[in-house]
Amino acid sequence: MATAPASGEKSSQEPHPRLRRLSALIGLACLLAVLGGWYFLAGSLVHWLTERDIDNFVLRTRDSSDQIATNLARNMQDEVRRLANIPEALSGDLVLRAPLTGRQDAQSRGAALQEADERLRQLADQFEIDLLYVLDANGLCVAASNYQTDKSVVGTDLKARQYYTSIQNGGRGRQFAFGTASATPGVYFSGAITRDGQFLGGVVVKRNMRNLFHLTSRNAAFMVDEYGVVVASTIEPALWHYLPDSAAAGLGTDFLQDRYRQAALSVLGIRADRSLATVSLVHLLDDPTPSLMTARPIGDSGLRLVYFTPVPDLLAMRERAQMTFWLVFVTGALILTLIAGAITYILQSRRRVTALRYSYQKLSTLSRELAVEKETAQAADRAKSRFLATMSHELRTPFSGILGMVEMLRGSALPTEAMEHVSLLERSARALLGLLNDILDFSKIDAGQITVEIVAFDLKPMVDDLQQIQSVVAAAKGIGLSVRGIERPLIGLGDPDRLRQILNNFLSNAIKFTALGGIDVTVATAGEGSSRRLTISVTDSGAGMAADTRDNLFKPFFQGDASSTRRHGGTGLGLAISKRIAEAMGGSIGVKSEPGQGSTFWLDVPFAENDGRPLSTEGRPGGQQDLPLAAPPPPVKRRLLLADDDEVNRLVIGGMLRRIGHDVVFALDGRQAVREVTRQEFDLVIMDMHMPEMDGIEATRAIRTLAGSKGRIPVIGLTADAIVENRPQYLASGLDELLTKPISATDLAAVIRRYTEPNI
């Protein structure tokens, strides 16, 4: 009877299960609504900021492009004005007038013509003119600067030319045309030669279009005539096409043949890009990169300069905006979710506490329920932590600074206690870096981005190298490490780096979990030709494992001993990663183990015989950073260039290089690095791959184009990109070697010796 009131009171206080479900659904709907609102708010904010930055960037680029086009057009205008004044200036030259004035016998006229030819040749060289000649009153060329060549215009009837008809009345002439003898397009300028008002002939100056159009720009630029036809261009495919909506579209075939030596002309491929509201962009000749188009008239010559400035950074800015949006959205969504979870948890806790006041008899039951819910919440938190950790590979650059500063502190005169603190800091940083590497690798595999190479390689050097490395670790624990079945070279097709990763994981685990005895590695092949398979097994004399441990061993984040007193650390990702890699290679891995009888981990993958491919040198790293190395010989002092935009990296790496004993010159970006290599003498260049203005890839390519020894200077790349699949694109730029951050002074010293002291 005593419990009835309590039960009834509880029923009146606790909500009905249907109400709880309804409340949960309403809460979930509210959370989704908030996340949806945040999605649109974040998108609008990032879009507004990005468009503002893009507009400002493009407007600045447009102003610069307009200035360049104006300057180029002004230079050409000055050249056209100079050419147009030359005929009038030479019309009074007595030597040039002599063949046209007075009555002369054949001998005197011949001498006058010969003297005029030589005079024209000298004047053409003096004024830097392609062709200079004199016409008589009938339009016949009587003397020319090219009289000694096989394309001489002497004796050519040119009275049909527009520049001749224009000077018959004593004026000036100008015409774009192809040369009668040379068939080379150019601009002609003419001036009349008169005596007492009588027309005697004229002086004609020709400048070839190619020589007139002497742009020194990397960008595309055209020169178009009054009909809109491209008569000179920095890109060959655009020549003899006309601009859209120009008068050339209505020209007849005869006119085209006479003026341009073309039966028909095609419109130039210029497509409008209306992605920006403030500035008009175009795409030239199906180029995906948008460009700014600027047109400037060249004086009163009838010619126009059309200048194109590509805006490649526009695409990159939009891509960065997309990444920024997702980063902002995911971060905000996580914060909102955590807040909602905290509020929900508080409300639920208060409701449970209220219910406990009315039902003391149910305390133990409610306590168990709370414990279950607490474990569920903790599991959810762990899942969220794993999700957040997949993005942590961006921390490699700060880790480079941390580990570099640790190494610099090691070389300082610190007290013993401080040095122990530094050692603890280094071990902690390296442990965290290893964890980040495992999670990054696993996230790549889990997203289906793993790639497997098929190259010809020798398995024996890789196995021997791993045996040498891991034998040192095994010997420190007093256990042996032996290898059987690979006494001779074993060449086949596969991915040496992936095989090395799996075998190294097997050996590391075997050494970790073996206290006494030894470890045996067995290598065997089965089959022939393209169906041959490779089997590698690693057997240890450790404690073995039970069936439930074996069943879960290859699952992500699984620990064979997950208790708080476990002796062996690790992320629980190594075997999961190895299993995914083996499956991607078309193989499998597994384990045989019983408690107290040790364990055997095996790998079975395709290993076809070589079909004639050249042997690869991949999969042969020279050792591990943590292993003791023989003391290197004293370094030879070198002069080095370090290119890195990050101040911390310059401080750390520069400090390492100076401690090694080298002189260091710094460059803040790739463009400055190329400039310094051009101006100064260096023994080696250390180049960061990601820098503003000009990145490491473009800078290395620019250095390789330099003449002489400067183009052959050793270039060592640095990158925080730990993805193996991205290495080929870096090395293809001309790097001699690529190092992944964080790096040590030992690695730097070894690389510098290898490329500056060939005999070492």
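Select Asp464 and Lys460. Their side chains form a salt bridge, with the closest N and O atoms 3.1 Å apart. A salt bridge here is a side-chain nitrogen of Lys or Arg within 4 Å of a carboxyl oxygen of Asp or Glu. Both residues sit in helix 12 (residues 459–477), and because they are four residues apart, about one helical turn separates them. Helices (H or I, at least four residues) and strands (E, at least two) are DSSP runs, numbered from the N terminus. Asp464 is partly exposed, at a relative accessible area of 28%. On this scale, buried means under 20% relative accessible area, exposed over 50%, and partly exposed in between (1.4 Å probe, protein chains only).

A note on the model before moving on. This is a predicted model, in which local features need pLDDT of at least 70 and side-chain atom pairs count only at pLDDT 80 or more, while totals for chains, interfaces and linings use all residues. Residues are numbered from 1 along each chain as its sequence is written, and side-chain values use heavy atoms, with hydrogens and water left out.

By the salt-bridge rule, the count comes to 24.

Now go to Arg172 and Glu88. Their side chains meet in a salt bridge (2.4 Å, N to O). Arg172 belongs to strand 3 (residues 172–178) and Glu88 to helix 2 (residues 17–90), so named parts of the chain 84 residues apart are linked. Arg172 is partly exposed at 48%. Glu88 is partly exposed too, at 46%.

Which residue pairs with Glu226? Select Arg259: the two side chains meet in a salt bridge (3.3 Å, N to O). Glu226 lies in the loop between strand 6 (221–224) and strand 7 (230–233), and Arg259 in helix 7 (residues 253–260), so the pair ties together parts 33 residues apart in sequence. Arg259 is buried at 9%.

Last stop: helix 17 (residues 670–679) and helix 18 (residues 696–704). Their axes, lines fitted to C-alpha atoms over the stretch in contact, come within 8 Å and cross at roughly 20°. Angles run from 0 to 180 degrees between N-to-C directions. The two helices are therefore roughly parallel, a term for angles under 35 degrees. Show Gly670, Val674 and Val677 of helix 17 with Ala699, Ala702 and Ile703 of helix 18; these make the contact, meaning heavy atoms within 4.5 Å.

Technical notes: Angles under 35 degrees count as roughly parallel, over 145 as roughly antiparallel, 65 to 115 as roughly perpendicular and the rest as oblique.
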